[in-house]
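Hi,

Here is the model I promised to pass on. Have a look at it first, and my notes follow below.

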Protein chains: 2
Amino acid sequence: MPKKIALLGSTGSIGTQTLDVISRYPGEFSVEVLTAGSNIKLLTRQAITYQPDSVVIGDQSHYQQLREALKDYPVKVYAGEEAIEQVVRGSNIDLVVAAMVGYSGLKPAISAIRAGKKIALANKETLVIAGEIIKKLVKESGSKIIPVDSEHSAIFQCLAGELGNPVDKITLTASGGPFLNYTMEMLEHVKPHEALRHPNWEMGNKVTIDSASMMNKGLEVIEARWLFDLLPEKIEVIIHPQSIIHSMVHFADGSVKAQMGVPDMRLPILYSLSYPDRLVSDLPKLDLIQCGALSFIPPDTKRFRNLALAYHALKEGGNMPCILNAANEVAVSAFLAGKIGFLQMSDVVEHTMEKTEYFASPGLGYLETTNSLARTEAQNYINELCKRS
Amino acid sequence: MPKKIALLGSTGSIGTQTLDVISRYPGEFSVEVLTAGSNIKLLTRQAITYQPDSVVIGDQSHYQQLREALKDYPVKVYAGEEAIEQVVRGSNIDLVVAAMVGYSGLKPAISAIRAGKKIALANKETLVIAGEIIKKLVKESGSKIIPVDSEHSAIFQCLAGELGNPVDKITLTASGGPFLNYTMEMLEHVKPHEALRHPNWEMGNKVTIDSASMMNKGLEVIEARWLFDLLPEKIEVIIHPQSIIHSMVHFADGSVKAQMGVPDMRLPILYSLSYPDRLVSDLPKLDLIQCGALSFIPPDTKRFRNLALAYHALKEGGNMPCILNAANEVAVSAFLAGKIGFLQMSDVVEHTMEKTEYFASPGLGYLETTNSLARTEAQNYINELCKRS
């Protein structure tokens with residue numbers, strides 16, 4: 001029996017790569033649901049190719065157009081965020097691939113978790129914003145989260161067969177991005193198109209900028225805290241420019257397990273789909289002799305303040321990671337729009353963390369409020385910065 | 001309840017390090033049996049410290065002296081190879097640590113396996129000589145082999161939680177030893193004391209020479225074939241001079257798992273004792289930033305012919321690995337005694353492999369015969385070489 005998949009965010013970077021992987025295994029997987037935010041053209045094409053049971057377009061204004069385009073196909077068409085939350089609960093779904101980008105991915109992920117679904121989680125924000133709540137929900141519902149991010153997939157793989165064994169720490173590796181060796185002055189003048197060129201990984205725009213600014217690694221630290229139930233001081237970041245070792249677990253007996261591979265998101269995606277099994281793959285394989293020496297250097301949180309800000313948010317807890325994330329989403333948009341400089345992204349995040357009201361144990365409702373408040377705060381500060389310059 | 005241990009070869013390098021590890025965990029392990037070949041002084045000291053139920057000295061001529069030395073202690077004293085085979089079968093034993101060196105370790109290991117004991121196997125020869133037979137015996141008796149060698153322990157650890165998942169290949173790492181960058185001419189003039197200085201690992205003399213000549217890696221390839229049930233072409237050797245990555249498993253989905261740590265034999269020994277659990281350890285921990293870049297180069301089987309000879313023996317099968325091992329034991333002794341040169345060790349092995357009668361499916365009895373025949377053949381050839389020079 002093929003595994004029945006609901007793919008949320010099918011037109012994004014992770015979404016399209018997930019379909020690429022699924023195409024390589026006819027008979028193993030069956031695409032039951034596809035959802036997208038607004039890319040109606042690609043969603044239509046995907047729906048025709050994969051003929052899922054249902055498709056959902058998040059932006060309701062595209063509903064009629066999508067229905068029209070698919071009228072000759074046996075595919076149910078829905079629209080709106082609530083419809084996305086609904087389809088993931090369907091009894092025809094074995095695995096929900098949560099590949100939506102940003103805050104909007106939170107509610108559908110929660111819906112799937114509440115329904116006790118297995119969930120391949122690519123949406124970072126879910127755990128960054130609401131990690132503590134999610135952890136509780138997973139426990140209650142018997143859901144299971146399989147990470148898709150290469151670093152978390154690596155840790156998850158290294159922990160297989162090690163249930164209950166004591167861990168000293170985990171090490172998340174970071175490529176260091178395109179500006180690893182830039183001085184502060186150089187960083188100040190970085191342009192969006194330069195930040196969009198990642199040396200190793202092919203990813204969406206938001207993640208690529210986060211990767212260049214190390215915010216991506218910061219968000220991953222927060223994610224790891226909840227995925228693996230580890231205190232912040234047991235989560236370490238190390239710069240590994242070759243992106244071959246995807247992350248490591250240091251067990252308390254001195255043994256370290258690492259997961260490695262070519263930097264290709266399709267590999268952790270494949271694992272999240274096939275888990276706990278592994279499938280034979282024709283994707284590029286690692287050749288250690290070809291890839292040269294593997295090096296490791298400590299991260300520089302002076303030049304890359306975002307990483308320090310993320311640790312700070314994690315230690316503060318409550319709604320602070322939500323504030324960090326919201327401010328960063330706004331800051332990245334402003335940077336990509338040419339409104340603020342590369343280093344100013346951290347200023348925006350730091351300012352917003354200081355100014356937005358802190359709350360120690362927010363529920364999901366208050367996190368939604370926090371998200372709005374923080375975005376407004378960040379946007380106001382950006383406007384102020386623009387006026388000044 | 002402490003785990004009850006029989007330690008065979010307690011006075012050797014692995015034996016003493018095993019006792020070092022055990023001493024660090026009062027209450028976790030109880031030493032029930034200690035055996036040694038002839039080092040009566042150290043065995044006596046160990047017996048007084050650990051107060052096992054029994055001690056056995058392999059060399060019967062030392063029996064009276066050992067009995068006398070331990071007459072005031074509640075320790076049973078035995079002597080001879082058969083006594084060693086007997087004590088490992090005792091109902092008071094949970095785990096047999098097989099740390100005897102060379103051919104003599106084979107029979108006690110088989111005795112433990114036949115009794116269905118869990119066995120921490122440090123004696124390479126057991127699987128090199130009789131891998132196919134051992135594999136069958138383990139299956140029949142319900143015994144379990146936990147490898148102690150750092151490379152095999154690494155593979156074993158990487159395979160935890162991966163039962164049934166398809167493997168493309170495994171990579172055994174090799175430091176390359178002290179002569180990694182030596183030319184043929186330099187290798188020709190290597191002296192025993194130079195070969196006894198290993199850059200990374202502290203081991204017994206025989207293993208250290210094997211490590212310098214790459215025969216150690218060759219024997220490990222043969223061991224791995226039986227431990228992990230992999231065809232020779234799925235076992236790869238790679239030179240990794242830093243000895244930080246102890247070995248790797250390449251899964252068929254493109255994911256590679258590596259086990260890492262400081263090069264300290266006490267770490268894999270600890271794992272073999274605590275398996276499937278891990279214990280918190282105060283042994284030195286890995287610091288990737290301190291240890292610098294990790295590099296990988298292909299092995300050179302022109303300068304280090306032993307590796308090619310071992311693959312050849314493995315592919316031939318039958319009694320050929322036994323011939324290889326016997327010839328190498330004799331060659332290493334002759335090299336250490338200054339009778340033959342470093343490169344001549346491979347000549348001795350190759351000659352013996354050509355001249356000793358091949359047998360495709362030998363039983364244990366015929367392997368014993370092979371061992372004697374090959375030793376005689378190797379010794380005769382060494383005598384000839386000595387005469388010539």
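Let me start with a loop: B:P276 sits between helix 12 (266-274) and helix 13 (305-316) of chain B. Helices here are DSSP runs of H or I with at least four residues, strands are runs of E with at least two, and both are numbered from the N terminus. The peptide bond joining B:Y275 to B:P276 is cis, with omega at about 5°. Chain A has a cis bond between A:Y275 and A:P276, also with omega about 5°, and A:P276 is in the loop between helix 12 and helix 13 of chain A.

Some housekeeping before the rest. This is a predicted model, so to read it: local features need pLDDT of at least 70, side-chain atom pairs count only at pLDDT 80 or more, and totals for chains, interfaces and linings use all residues. Residues are numbered from 1 along each chain as its sequence is written, chains are lettered from A and ligands numbered from 1 in the order in which they are written, and side-chain values use heavy atoms, leaving out hydrogens and water.

The same surface serves both copies, as 100% of the contact residues of chain A recur in chain B (contact means heavy atoms within 4.5 Å).

On to the interface itself. Each side is listed with its count: 43 residues from chain A and 43 residues from chain B. Together the chains bury about 3,400 Å², 58% of it on carbon and sulfur atoms; that is the accessible area (1.4 Å probe) lost on putting the two parts together, summed over both. A:D253, A:R278 and A:I289 supply 20% of the area that chain A buries against chain B, more than any other three residues.

A:R278 also forms a salt bridge with B:E162, with the closest N and O atoms 2.8 Å apart. The rule finds 6 salt bridges across the interface, counting a side-chain nitrogen of Lys or Arg within 4 Å of a carboxyl oxygen of Asp or Glu.

Which element gives the largest share of the side of chain A that touches chain B? Strand 11 of chain A does, with 5 residues. This strand is joined to strand 11 (residues 256-260) of chain B by 5 bridges, and the two run antiparallel (strands pair if DSSP finds at least two bridges between them).

Enjoy browsing!
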